[in-house]
Every structure is written in structure tokens, then in C-alpha cells.
Amino acid sequence: AQVEVVFGLEVTAKARLLGDIDLDTSWQFAPGHDVWPHWTQRNLWHFCQRLPLSLKVTAMSCWIQDFRKFVKAQGYQFPVANRLLFDQLIEGFALDGLTGQVSSREFLWMRDGEIKASYMRFSIDVHVYTAPTEALAEKAKWDRYLRSWSMDAKRTARPAFHTSSLWVRAEAQSELVPSTIATVVIVLVLAFLGMLAFTRNACLSLFVVIATLAVFGCLAFFMVVVMSWAVGPIEVIALIVFLGYAVTYSLHIAHRYGSDDAVKQGQGQGQGDMDMLEPSEIRFQRTMFALSSIGGAALGSAATTVGSSVFLLACTLTIFQKLGGVVFAVTVLSIVFALVPLPAVLLWFGPVNPRSGCCPMAAMAADPNVWKDVSERAERTTERVSRSFSQFQDRVSRSSATLELRSGGMTGLTPSEDAISISID
């Protein structure tokens, strides 16, 4: 990997939400940077000479080292103290000097014969595709070295910063997982609120979210384990984008389950007959109505989507092949979960009357008959507890009297009377 250290530039651009950044106006020359002062030349030269071994530098392209050799070859002393002489030497060095295998001018920003900024390139013994944690650890070493150098360097030698494509890739990958989790959470919350607006039932919305999470997990398993794809920007974007698509089929089934037309399906039963049906019969009636009314259309929609994604699998570009595979997998998983596990859950735990409240417990809480029944049961329970406690007190009193009779102390009863009392008890 390569690391480039830039001297005398300031980055002024900020990240935009929309649109590209104008690279021509995204930076400016630092006003206080000047290479001519002899201490600036020394600071730049020391930067290359005092690199610690922990930075793992294997090769470097430091123009200041080549400039020092150029100056000494001309018979002058480094650093160059005379300003006019320095300008003459640096102009000749920019024209004729070499830094590495390229012209030294490639490392200098010159305006009107003066150096406004410069950079140096270092090759480090770190693979360009190393793990993000190791790459960020190497970046931290360069941060510390550059910070210590800046504290000792003169103001005219600063500012300086380092950059590398390795740092960019490592930071992007390290932020990939937490940003993906945050995005998925936001998408699921918004999906739950959207489904709650359509179904008007929290339980149905929760079932759809759980089905969507199951599709999301299976899709991630398909991408990482089955296809052995490395998790990158394309895979993350595909997961997030098609997460919204995975909601649709389950949402249609849940929406039809909670429809008012569901109670009128089968044997001509109307809304007035709902009280005569068992909860399990109502759930079955609603589930069958949802599957019969929208299940065929959902299956047909999934079939057309799968058919169109097959053509992407034969593309030459990898990105189209991956998108085709993701579309194929997410469509199959979504329709399977919408037509098999979700109806099974609705048969067992679906709300009996979705329009009466957000969930079955809320419907029970809103029913005054339920509270009346609970109150009557509480009163009966209180009476039974009070009656049992009175019986317990009577038994304790009789037991105490029996013990006193057996002792024959203060009662004055004869043994025969004591035996009669015991037998009566």
C-alpha cells in the first residue's frame, strides 16, 4: 500500500447529501506555508529521515531528499538560506530533478516560481486488501507520527496531512456494518408504521415485520454463505433496497386478513354472525379469504419477477449478476414466507377482530363486558378467601381449646369429661 503526505494544502470542501463535489474549489493553499525558510527545509527533510520502524516504510519518494542532493551537487550548502538562490535552485530542480522514476515537479505545486505546496509518497509493508482493523491500526501510527512532527515543526512547514486509498477502504468497511444495522432498523420502523396505517392493527404489523426480518436473514445467508460473496457496498445496498420489496407480499396477505370483507366469506355469514363463531373459526375464515383473494395475484407477481431476474444472471458484468441473484432470491423467499409461515401464524395467533383495536389484548381492554366479568370474578375470589380464612380461624380456636382440655389445668374437668370433649372434637 502507499501513503501520501501533503504539506501546505487545506481541504475546504464538505460532504454533500446530493450532487458531486467540485474538486477545483475543494482545496486551497495554506496561507502560512513557505518552503524557503531554512527551518522549513530542515523540518521537511527530518520528516523523511526520522520515520520510525513501526510505520513499516519500505520505499519512499521524498523530493526534499533529492533536492538536498541537487543543492550539494551544485556546490551549495543545504538548507539554502538565501531566498533568491533558493528560488533559482528550486526552479532548476523542478525542471531537471528526478524523484523516484518521475520528474520532481510532479510532487510540487508551483505558482510564479514559488512552491505553494508539495507531497511525498511512501510505500508501506501492508497489503492493500488487509483487514480493516489492521489497516486502521496502521493509520493510527501515521496519525501519531504526523502529530508529533507537527508539534516540533515550524509554522511555515505546516499544515500536513496523510492520505491513502487503504485508509479510505478500511474506514468504509468499518462503518459498513453499523451503518447497515442503523439503516435496517430505520427501514423496519418506518415499515411498521406504514403497515400500521394500512392494517390498523399492531399485531398484524408485527407479524409482517417478523416475516420481513426472516426474509432479510435468509437473504443474507444466501449472499454470504451460499454464494460466498464478500460483504461490500453492492451487497449492502442490495440488502437494504430489497428489504422494502420483501415487505410487499406479507403486507398484502395481512391487509386482506384484516379486511371487513373477510368475515362475509364462506357460507354467506355476515357481520352479525361473528359472535356465534369460535375464535379459531374466525381466524380460519379470515386466513382463507386472504389467501383466496390475494394469494394467486401475489404468486403471479412473484413468478413474473423471478422470470425477469433470470436474464440478469447471464450478464457479463458482476454487478448485474449479483443484482439478478438477489432479486431472484428475495422474490422466492418473500412469496414463500407470505404464503406459508405467515398464514400459519395468523391461524394460531391472528387477531379475531382487527378493526376493534391494535391487538387482541387492546380489544379485550376496550370491552366493558370483559371488565365486568373480571370484577365479578374478583368479588367471588375475595369471598372465597374470606370464607377460607374464617374457617381457618375457627379450626385454630378449637385446636387451642382441645389442648387446654387435655392439660386438665385451669378447666377443672375430670379425665372422663376430657375424653368426652376430645371425642366430640
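1. Phe7 and Phe47 are both buried, where buried means under 20% relative accessible area, exposed is over 50% and partly exposed falls in between, all with a 1.4 Å probe and protein chains only. Before going on, a word on what you're looking at: this is a predicted model, so local features need pLDDT of at least 70, side-chain atom pairs count only at pLDDT 80 or more, and totals for chains, interfaces and linings use all residues. Residues are numbered from 1 along each chain as its sequence is written, and side-chain values use heavy atoms, with hydrogens and water left out.

2. Next, the aromatics. Searching the whole structure turns up 16 aromatic pairs; rings of Phe, Tyr and Trp (its six-membered ring) pair if their centres lie within 6.5 Å, and planes under 30 degrees apart count as stacked, over 60 as edge-to-face and the rest as tilted. One of these is Phe7 with Phe47, edge-to-face at 5.4 Å centre to centre and 90 degrees between the planes. Phe7 is in strand E1 (residues 2-7) and Phe47 in helix H1 (residues 38-49), so this pair ties together parts that are 40 residues apart in sequence. Helices (H or I, at least four residues) and strands (E, at least two) are DSSP runs, numbered from the N terminus.

3. The pair of Phe222 and Trp229 is edge-to-face, because the ring centres are 6.3 Å apart and the planes are at 80 degrees. Trp229 has 16% relative accessibility, so it counts as buried.

4. Phe7 and Phe47 turn up again in a cluster: ring pairs link them with Phe122, Trp142, Tyr145 and Trp149.

5. Trp39 is worth a look for its charged neighbours. The charged end of Arg42 sits over the Trp39 ring, 5.7 Å from its centre, and Lys154 lies over the face of Trp39, at 5.7 Å from the ring centre. The test here is NZ of Lys or CZ of Arg within 6 Å of the ring centre and within 35 degrees of the ring normal.

6. A cavity is a set of points on a 1 Å grid over the protein atoms alone where a 1.4 Å probe fits but cannot get out, and lining residues have an atom within 4 Å of a point.

7. What lines the largest cavity? The lining is Asp34, Val35, Trp36, Arg83, Phe86, Asp87, Ile90, Gly113, Glu114 and Ile115. Helix H3 (83-96) and strand E8 (114-124) each supply at least two residues of that lining, and the largest share, 4 residues, comes from H3. By type, the lining residues divide into 5 nonpolar, 1 polar and 4 charged (Ala, Val, Leu, Ile, Met, Phe, Trp, Tyr, Cys and Pro are nonpolar; Asp, Glu, Lys and Arg are charged; the others, Gly among them, are polar).

8. Helix H8 (residues 279-313) holds Ile294. Leaving out residues up to four places away in sequence, Ile294 touches His252, Ile253 and Arg256, contact meaning heavy atoms within 4.5 Å. Phe284 is in helix H8 and counts as partly exposed because its relative accessibility is 48%. Phe284 and Ala344 are 60 residues apart in sequence and 9.7 Å apart in space, C-alpha to C-alpha.

9. Overall, the protein chain has 13 helices and 9 strands, and 36% of its 425 residues count as buried.

Note on methods
1 Å grid on protein atoms, 1.4 Å probe; cavity = no way out; pocket = protein on both sides within 12 Å on 5 of 7 lines; lining within 4 Å.
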